[in-house]
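Please read the following report with the sequence and the 3D structure at hand.

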Amino acid sequence: MSDIDLTIEETESLEEIQPLLEAAADDDDPPIPDELNLLPLRDSVIYPMLIAPLSVGRESSVKLIDDSVSGTNRVVGVVAQKEAVTENPTLDDIYGYGCAVVIRTLMKAPDAVRLIVQGTSRFKILEPIQEHPYLRAKIEVIPEEPVKPEEEEEIEALKRSISALFTQAVQLAPHLPEELRSLTTSVHEPNVLADLVAAHMPFSLQQKQEILETSDLKSRMKLILSTLGREVRVLELTSKVQNEVSAELSKSQRDYYLREQLKAIQRELGEDDGSSEDFEELRIKIDEAGLPEEAMKAVTREFERLQRISPGSPEYTVARTYVETMVALPWNNLSEDNLELDHVREILDEDHHGLDKIKQRIIEFLAVRKVKTDGPVRQPILCFYGPPGVGKTSLGKSIARSIDRKFIRISLGGMRDEAEIRGHRRTYIGSLPGQIIQGIRRAETRNPVFVLDEIDKLGADFRGDPASALLEVLDPEQNGTFRDHYIDAPFDLSSVFFITTANRLDTIPAPLRDRMEIIELGGYTEHEKLEIAVRHLVPKQIVEHGLRPTQVEFKNDALMHLIRHYTREAGVRNLNREIAGVIRKATLQFAEGRKRKLTVTKRFVQTALGSPRFLHDVVTERKLVPGIAVGLAWTPVGGDVLFIETVKMPGKRGLIVTGQLGDVMKESVTAAMSWVRSNAESLKIDPSVFDNSEFHVHVPAGSVPKDGPSAGITMMVALVSLLTGRPMADRTAMTGEMTLTGQVLPIGGVKEKVLAAYRSGVMTVILPEENRKDFMEDVPEEIREEMTAHFVKNARQALKHVFS
C-alpha cells in the first residue's frame with residue numbers, strides 16, 4: 001500500500017473547504033517547534049493554508065501520527081519524496097524543504113489512518129535527528145514576509161495575471177472542476193492565492209517543489225506565472241488538436257454515410273457503377289497474389305483505406321495504383337530452369353562464336369543447380385567487361401534463352417537519380433517503383449535474367465548516387481530483402497540472375513566492383529570476325545533487307561577483304577554496318593529487276609562501299625626512322641597502336657612533351673630520359689649531347705587524351721634510337737612499365753594490345769616477363785603461331801630485341 005495518497009480532488013467543492021478555512025482562522029494554530037516529525041509524501045506537495053485529505057498506511061507513518069496526536073502539539077512536517085517508488089525513505093530520499101501542517105481531523109480505518117491537515121508555514125530541514133521508527137529533524141521556519149510598499153503595484157499586477165490565466169486553465173482543462181473559477185475572487189491575499197493555484201494545477205512534482213522552496217513572494221509569483229502560462233498554451237494546443245480531429249472524424253463519417261446512401265439510391269435506380277464488384281475482384285487478386293506477411297499487411301491496410309476514399313479524390317488513384325502494383329508483382333512465381341546441359345551449350349554456341357570462358361561459367365552454374373536439390377542455389381552476379389561490339393548485351397539474351405528464363409534489360413548509362421533504382425516514396429505525386437521492381441513486374445517471374453547495361457556510365461548528383469543504391473541489389477547477402485521505397489516491403493531478389501556490362505572498370509566504384517564476378521570479353525581476331533560474319537551477320541542482314549539466302553552469296557575472301565580494309569575495331573559493330581551497306585546495294589539491284597543470284601566479291605564490295613579505308617597496315621604505312629618507336633595501348637574500345645616520336649635540337653638542356661599526355665605518361669617520359677642519361681656510356685651515347693641539346697617527345701593523335709604507365713619502355717627505346725641513330729626493327733611493337741632502374745613491370749589488357757598489334761601488321765611483340773601467362777592463356781592460338789613474342793625483365797633485354 002502506498003504510504004501517502006494526496007488527492008485534492010477528493011474534496012467535493014470549495015463549499016466543503018470554506019468552513020474548514022473559517023474554523024482554522026478562528027482556532028489559534030499551535031506553535032511550530034524547532035524539531036518536527038517528518039511525514040514523506042508521494043508525488044504531492046502541500047502549501048501553507050492548503051487543506052488536504054491524507055491517507056496514511058505505512059506502519060512507521062501510522063506511529064508518527066499517533067505520537068503527534070497524543071502529544072500536546074498536533075503539528076507535523078510533510079515533505080515530498082524525490083522518488084515515488086522508494087518504500088522506506090530516509091532523509092536523503094526527501095527534499096530539503098517542506099510544509100508544517102496541523103492535523104485537523106483524524107479517523108482510523110481498518111486499512112489506513114485518514115486525516116485532514118492544513119498547511120501553516122514553509123520550513124527548511126537543518127539537521128537530521130532520527131530515521132527510526134520515523135523521520136525527525138531540526139528545522140527552520142520560513143516566515144511569510146509582508147509586501148513592501150514599493151512592490152504593491154507589481155504584486156497586484158502579478159496577482160491579476162495569475163487569476164486570469166488560472167480561470168482560462170479551468171475552462172480548458174476537463175479535469176479541473178468549474179467551482180475553482182471562484183477561487184480567484186474569494187481569496188484576496190496574494191501569497192495564499194499563489195499557493196492555492198500551484199496546489200490545484202497539474203504541475204510536475206519538481207515544479208511544485210521549486211514553488212514551495214521559493215520564499216520571496218514576487219519571485220514565487222513570477223515562477224507560477226511562467227509555469228501557468230506554459231500549461232495554458234499546452235491546454236490550448238490540446239484543445240485545438242482535439243477539435244480538428246473531431247471535425248475530421250465528423251466529416252469522414254458524414255462522407256461515408258452519404259456515400260452509402262448514394263450507393264443505395266444507385267442500386268434502386270439500376271445505376272450501380274459496379275465499384276463493389278471491382279473491389280471484390282481486387283480482394284480476390286490480393287488473396288491469390290501469395291504476398292509475404294509484411295507485404296500483405298501493407299496491401300490490406302491500403303486496400304481498406306481505398307474503400308473509404310471517394311473515387312473522385314486524387315488519393316484514390318494513388319492508393320489503387322499501389323494495390324494493383326503489389327498484386328501484379330511475382331512474389332512466388334518462379335520459372336523452371338532448363339537443366340539439359342547439352343541443350344544449353346548448343347544454344348550458346350548457336351548464338352555466339354567463341355567466348356568459351358563465359359559459356360563454361362554458365363554451364364558450371366547449371367551443373368550446380370542440377371546436382372544440388374536440397375535448397376536454394378546462389379545466383380551468379382556477373383560483369384561482362386570489354387570493348388564495344390563484342391556481344392556483351394546479346395550474350396545476356398542468349399543466356400536467358402538457353403536456360404528458359406525471361407530476359408529483362410535496363411540501361412544505366414547517364415542515370416543520376418537514386419530513385420531510379422530504389423523507387424520514389426508514395427508521398428510524391430506520380431511516384432513509381434524503381435527500375436528493378438518494374439523490370440521484375442514486366443518479367444512476371446521472380447527469377448529472370450536481368451541485364452544492367454553500361455554500369456560503368458552511372459552518374460551522381462544532388463538526387464543521390466545510383467551506384468550506391470546498387471550495392472544492395474548486387475549483394476547476394478542483402479538482396480533477399482530488397483526494399484523499394486514505393487512498395488515499402490521487402491522483395492526477394494536472390495533468385496534473379498544479374499548480369500552487368502561495362503567497357504571499363506576504373507569508373508565503377510570499388511565496393512560495387514567487389515560484388516561482381518568480372519569476366520573479360522576481349523576483341524575478336526580476323527578469323528573470329530570472319531566466322532561471326534558467315535554464321536550470324538550476313539544471314540541476319542539478308543533477312544532484314546527482305547532477301548532470301550539463295551539470292552545473295554558472300555565469298556569468304558570478300559568478307560576478309562571487308563574486315564581488313566574497311567574496319568579496324570575490337571568488336572563487330574562496324575563490320576555489321578558495312579555488311580548492311582553491301583546488302584543494300586544488292587537489294588537495289590533486285591528491286592530494279594535482277595533475277596540471277598548475286599555473288600559478293602572483292603570488286604562488288606569496292607563498288608558498294610567505295611575505296612578501301614585502310615590500304616596498308618598501320619605499321620608499314622609509317623616509315624620507321626631513328627627516334628620513332630611503336631608502342632601498344634589499351635582503350636575502352638579495344639587495343640591500339642601508339643607511335644612515339646622524338647627529335648633533338650640545339651638549345652639548353654630540357655625536355656618537351658606534347659600529345660595531350662596525362663601526368664603518369666609524362667612521368668614515364670622523364671623516367672626513361674633519366675635512365676638513358678644514367679646509362680649513356682654503356683649505350684655508346686656521348687654524354688655532352690644532353691648539355692647542348694633540347695629533346696622533344698611527341699605522341700601523335702594530339703586531340704586524343706592519353707595516360708598510363710605502359711608506354712615506359714617504348715619511350716626509352718625511342719630516346720635510345722634517336723641518340724644512337726639506329727631505327728628499331730620493322731613490324732615490332734612493345735608495351736611495359738619501366739622503373740627508374742630499368743626494370744620492366746607487368747601491364748594489363750594484354751589480349752587487346754596483341755590483337756591490335758596483329759591487326760596493324762606487327763609480327764613481333766615485346767612484353768613484360770610477368771605477362772607471359774596472360775599471353776599464353778588469353779591470346780588465341782592462331783595469333784600466337786603467327787606472331788613472335790619476346791618477354792623481357794629489364795630495359796637492356798628490350799633494346800637487344802629491338803635493335804637486333
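Predicted model: local features only at pLDDT ≥ 70, side-chain atom pairs only at ≥ 80, totals over all residues.

Residues are numbered from 1 along each chain as its sequence is written, and side-chain values use heavy atoms, with hydrogens and water left out.

**Confidence**

The average pLDDT of the protein, that is, the predictor's confidence in each residue on a scale from 0 to 100, is 84, and 92% of the residues score at least 70. Over residues 1–26 the pLDDT stays under 50, and for this stretch the model has 52 contacts beyond four places in sequence, a contact meaning heavy atoms within 4.5 Å.

Helices (H or I, at least four residues) and strands (E, at least two) are DSSP runs, numbered from the N terminus. Helix α2, which covers residues 59–70, has 12 residues and reaches 17 Å from its first C-alpha to its last, close to the 16 Å expected at 1.5 Å a residue; the expected span is 1.5 Å times one less than the number of residues. The buried residues Ser61, Leu64, Ile65 and Ser68 belong to α2, where buried means under 20% relative accessible area, exposed over 50%, and partly exposed in between, with a 1.4 Å probe and protein chains only. These residues lie on the same side of α2 because they cover an arc of only 95° around the axis, the arc being that of the directions from the helix axis to the C-beta atoms. On the face of α2 turned away from its buried side are the exposed residues Glu59 and Ser70. The cover over the buried residues of α2 includes β1 (35–41), β2 (51–56), β3 (75–80), β4 (97–108), β5 (113–130) and β6 (135–142).

Helix α19, residues 556–566, has as its buried residues Ala558, Leu559, Met560, His561, Leu562, Ile563 and Tyr566. Among the elements against which these buried residues pack are α18 (526–544), β14 (552–554) and α20 (573–591).

Leu135 lies in strand β6, and with a relative accessibility of 4% Leu135 counts as buried. Its contacts, not counting residues up to four places away in sequence, include Leu36, Leu38, Leu64, Leu91 and Ile94. The C-alpha atoms of Leu135 and Ser61 are separated by 9.0 Å, although the two residues are 74 residues apart along the chain.

**Charged side chains**

Side chains of opposite charge can pair when their charged atoms come close. The structure holds 39 salt bridges, a salt bridge being a side-chain nitrogen of Lys or Arg within 4 Å of a carboxyl oxygen of Asp or Glu.

| Pair | Distance |
|---|---|
| Lys218 and Glu154 | 3.7 Å |
| Arg305 and Glu302 | 2.7 Å |
| Glu769 and Arg772 | 3.0 Å |

In the pair of Lys218 and Glu154, Lys218 lies in helix α7 (residues 217–269) and Glu154 in helix α3 (residues 152–172), so the pair ties together parts that are 64 residues apart in sequence. Arg305 and Glu302, by contrast, are three residues apart in helix α9 (residues 293–308) and are therefore separated by about one helical turn. Glu302 counts as buried at 9% relative accessibility, while Arg305 is partly exposed at 29%. Besides such pairs, Arg122, Glu144, Asp195 and Arg220 are linked in a network of salt bridges.

Glu752, located in helix α26 (residues 750–759), is buried yet has no salt bridge, and the nearest side chain of opposite charge, Lys751, is 6.2 Å away. Leaving out residues up to four places away in sequence, Glu752 touches residues including Pro387, Glu520, Leu521 and Trp634.

**Backbone geometry**

Most residues other than glycine have a negative phi, and most peptide bonds are trans. The peptide bond from His132 to Pro133 is cis, with omega near 0°, and Pro133 is found in the loop between β5 and β6. Glu454, which is not a glycine, has a positive phi of about 55° and is placed in the loop between β9 (449–453) and α16 (466–473). Gln660 likewise has a positive phi, near 55°, and is found in the loop between β18 (654–658) and α23 (663–678).

How values were computed:
Lys, Arg positive; Asp, Glu negative; His and termini not counted.
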